[in-house]
Amino acid sequence: MLMALCLTLGCSRPQKRSFVVVNKALAMGDSTIYGLVCDGSNDSIVVFLPDPYDGSDPDTLDILEASSLHQVFGNLRIGDKVALKRNAADSTKADVVIVTQDLMGQWCYKVKPVLRRRAGMSSYEHLPDSVKQLLEEEREFGINLKVDSVAFSIGMRPRATVDEESPVEYPPVKRYRKWYISNGHLMLMQANTDSLGNTIPVAVDTVDLVRLDPDTLVLRFSDGEHSYYRKKEEAEKSS
């Protein structure tokens, strides 16, 4: 129904008006606007209905400068969900545009292990062939961004399955459980689970989007940029 509204209302001339979303995130200083992309959106403007829909007409924001600065992430398709950071000085402009529909999915990268620090380990040339082989075994790590702000870390293994006697080890994986957009940033919440199954927030990583293509995602963390590839769903693999 909302997609039909985007098509129908998007054909009319959008009205310029003040558009304010009142929610908990905004009360905490988050200026993110959420909407559904409507007909008429292009590289210069984004036409959208507020999400959740409140019965109002489509709104329009100028994204020409954001496009020139490569701050439009994803492809604007009618009916897709979008997160917008409105310009603080000019309410008719958006500084950052993120098509959250394109952001969701399984994003992965591959990692090789390193030698554990223990006595008796010498240089690579003097290692047994079995250990050299272990050092070449790549493992898939990453994040799974799902609907309703749910996130899962890819590559985590239960503590019981970790071989502490192995001569190699993989880098630790952060346990992400939630994701959301705040002021043009991707926020990844780390959390643990207590004995009762409750999620206990530990920390939140503030991440910048650098690139978002259909099969490539580049994120800038505090320790540098990380590149990911989109992992196909298991159902697609088996087909």
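Buried here means under 20% relative accessible area, exposed means over 50%, and partly exposed is in between (1.4 Å probe, protein chains only).

A few notes on this one:

1. Ground rules. This is a predicted model, where local features need pLDDT of at least 70, side-chain atom pairs count only at pLDDT 80 or more, and totals for chains, interfaces and linings use all residues. Residues are numbered from 1 along each chain as its sequence is written, and side-chain values use heavy atoms, with hydrogens and water left out.

2. Cysteines. Cys108 counts as buried, at 0% relative accessibility. Cys38 is buried too, at 1%. Searching the whole structure for disulfides (pairs of cysteine sulfur atoms within 2.5 Å) turns up zero.

3. Thr32. You'll find Thr32 in strand E1, residues 32-37 (strands are DSSP runs of E, at least two residues, and helices are runs of H or I, at least four, numbered from the N terminus). With a relative accessible area of 3%, Thr32 is buried. Its side chain makes a polar contact of 2.6 Å with the side chain of Asp30. Also, a polar atom of the Thr32 side chain sits 3.1 Å from the backbone nitrogen of Asn183. For reference, a polar contact is a pair of N or O atoms within 3.5 Å; within protein, one must be able to donate a hydrogen and the other to accept it, and residues adjacent in sequence count only if both atoms are side-chain atoms.

4. Who else touches Thr32? Setting aside neighbours within four places in sequence, Thr32 is in contact (heavy atoms within 4.5 Å) with Ala83, Leu84, Ile181, Ser182, Asn183 and Gly184.

5. The eight-stranded sheet. An open sheet runs in the order E10-E9-E7-E16-E15-E14-E13-E12, with antiparallel pairing (two strands pair if DSSP finds at least two bridges between them). E10 (151-154) and E12 (176-182) are the edge strands; each has a single partner strand, so one side of each is left without a neighbour in the sheet. From one strand to the next, the twist averages 35° (axes are lines fitted to C-alpha atoms, for helices over the stretch in contact, and angles run from 0 to 180 degrees between N-to-C directions).

6. E15 and E16. Strand E15 (residues 216-221) and strand E16 (residues 224-231) run antiparallel, joined by six bridges. Opposite Leu219 you'll see His226 in E16.

7. Strand E6. Five of the six residues in E6 (residues 94-99) are buried, so this strand is mostly covered. E4 (residues 72-73) pairs with E6 in the parallel sense over two bridges, and Phe73 stands opposite Ile98. E5 (residues 81-86) runs antiparallel to E6, with five bridges; Arg86 has Ala94 as its bridge partner.
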